[in-house]
Amino acid sequence: MKNNLVGGLEDRQVKYLGSTHEGKKHDKKICDEEGPRFPDGVELYRDSGFQGHELANVTVHQPKKRPRNGRLSADDQEANRLHSSIRVIIEHIISGIKRCRVVKDVFRNTKEGYDDVVIELACGLHNYRSYCRNQSY
């Protein structure tokens with residue numbers, strides 16, 4: 001099972017969670033079907049699984065692929081390194097969600113819609129944990 005999600009870099013919380021799809025479905029196809037919308041002027045960092053998907057009024061940052069039988073320039077390598085350091089924050093959000101083991105283990109409940117409810121609860125618990133960490137008592 002897989003979901004598309006958008007996380008905030010400052011507060012490390014889940015801002016958008018897409019519906020649950022089978023794992024063999026491509027990320028770009030899921031994004032095309034769901035059609036998430038973003039406010040104007042947003043900067044979006046995403047991985048290379050979304051190549052070819054364009055959004056209006058959004059600045060998209062994506063790693064540059066190495067050309068076939070070629071090399072990336074030093075500037076492109078540095079841009080990819082910066083993108084990777086930002087991408088780590090999103091990976092930490094994903095691992096925070098997967099602390100709820102029901103999300104990462106095999107989900108055996110076959111009732112309709114339960115897989116969406118489980119991932120929503122896991123994202124809500126992650127957001128609550130990150131909110132409590134950022135509060136100064």
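**Stop one: the core**

Select V14, I90, I93, I97, C100, I119, A122 and C123: these eight residues form the largest nonpolar core. Color by element next, and you'll see that α2 (74-97) and α4 (114-134) are the ones giving two or more residues to this core. Keep in mind as you go that this is a predicted model.

Now pick out I97 from that set and show its contacts. Skipping neighbours within four places in sequence, I97 is in contact with L5, V14, V103, I119, A122, C123 and H126.

**Stop two: S130**

Slide along to helix α4 and click on S130. Buried or exposed? S130 has 5% relative accessibility, so it counts as buried. Leaving out residues up to four places away in sequence, S130 touches D11, R12 and Q13.

**Stop three: the cysteines**

How many disulfides does a search of the whole structure find? The count is zero. Take C31, for instance, which is in no disulfide: its nearest cysteine sulfur belongs to C123, 16 Å away. C31 counts as buried, because its relative accessibility is 9%.

Finish on C132. Its closest cysteine sulfur is in C100, and at 14 Å that is too far for a bond; the cut-off for a disulfide is sulfur atoms within 2.5 Å. With a relative accessible area of 24%, C132 is partly exposed.

Conventions. Residues numbered from 1 in each chain as written. Predicted model: local features only at pLDDT ≥ 70, side-chain atom pairs only at ≥ 80, totals over all residues. Heavy atoms only, no water. Core = buried A, V, L, I, M, F, W, Y, C linked by side-chain atoms within 4.5 Å. Buried < 20%, exposed > 50% of the residue type's maximum accessible area, 1.4 Å probe, protein only. Helix = DSSP H or I, 4+ residues; strand = E, 2+ residues; numbered from the N terminus. Contact = heavy atoms within 4.5 Å.
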